Amino acid sequence: MIKSSLFNCPVPVDQQPLNEYEELKTSWLFRDCALNWREYATKLGWIWGLSWLIAGPVSAASFPPNKQLVHFLLCGAAGASVGVILSLLRLYLGWLYVRDRLYSMTVFYEESGWYDGQTWIKPPEVLNRDRLIVTYEIKPIIQRLQFTFVGLAGIFVIGTIVWHLF
């Protein structure tokens, strides 16, 4: 957690957008979004593979592998993709939240509980710093997640076509 560099900032340290960003980018699942493409895809592959532990038996119950192998594989792959989609959705929403907090001119915070919300207007130098972080650090991550969603949608379309061919 970064100490506040602003002496007159009333926002508690753990609710400052920069600290929320630093915490998010070092947390277990969220840091994987900034890896190179190969490592990022490998992490998603692990999630997909682990999701097969649930999707495989369900798919086998519906489509016996010894009789309907293609349908078993397609159904299992689609079912395992649910784990990947949920993980990506969590990543996407987390990064969007931090992006919005950094990009905003104001910061909503709570001093001691849910009933005493306050708003702080960022000084221009803080706003510029935060917006640079959004532009150069967070925007590429969000674009990568969006590209991944589009890629998964394409794979589902291909899977649907193959399903109907068999």
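Colleague: How many residues apart in helix H2 are Trp-37 and Tyr-40, and what does that make their separation?

Modeller: They're three residues apart in helix H2, so about one helical turn separates Trp-37 from Tyr-40. A helix here is a DSSP run of H or I with at least four residues, numbered from the N terminus. Bear in mind that this is a predicted model: local features need pLDDT of at least 70 and side-chain atom pairs pLDDT 80 or more, while totals for chains, interfaces and linings use all residues. Residues are numbered from 1 along each chain as its sequence is written, and side-chain values use heavy atoms, with hydrogens and water left out.

Colleague: And how do the rings of Trp-37 and Tyr-40 sit, and what is the pair called?

Modeller: A ring pair is described by the distance of the centres and the angle of the planes. Rings of Phe, Tyr and Trp (its six-membered ring) pair with centres within 6.5 Å; planes under 30 degrees apart are stacked, over 60 edge-to-face, the rest tilted. That gives eight aromatic pairs. For Trp-37 and Tyr-40, the centres are 5.6 Å apart and the planes at 85°, so the pair is edge-to-face.

Colleague: Which residues line the largest cavity?

Modeller: Rolling a water-sized probe over the atoms shows where empty space is left. On a 1 Å grid over the protein atoms alone, a cavity is where a 1.4 Å probe fits but cannot get out; a pocket is an open set with protein on both sides within 12 Å along at least five of seven lines, and lining residues have an atom within 4 Å of a point. There's one cavity of 30 Å³ or more. The largest cavity holds about 40 Å³, and its lining is Leu-29, Asp-32, Tyr-40, Lys-43, Leu-44, Ile-47 and Leu-91. H2 gives the most to that lining, four residues.

Colleague: What volume does the largest pocket have?

Modeller: About 490 Å³. Of its 21 lining residues, Trp-48, Ser-81, Leu-152, Ile-155 and Phe-156 are closest to the centre. Helices H2 (37-62), H3 and H4 each give two or more residues to the lining, and H4 has the largest share, nine.

Colleague: At what angle do H3 and H4 pack?

Modeller: Packed helices are described by the angle between their axes and the distance between the axes. H3 (residues 69-103) and H4 (residues 124-165) pack at about 165°, with axes 10 Å apart. That makes H3 roughly antiparallel to H4 (angles over 145 degrees count so, on a 0 to 180 scale between N-to-C directions).

Conventions
Angles under 35 degrees count as roughly parallel, over 145 as roughly antiparallel, 65 to 115 as roughly perpendicular and the rest as oblique. Grid points are joined across faces, edges and corners, and a volume is the space filled by probe spheres set on the points.
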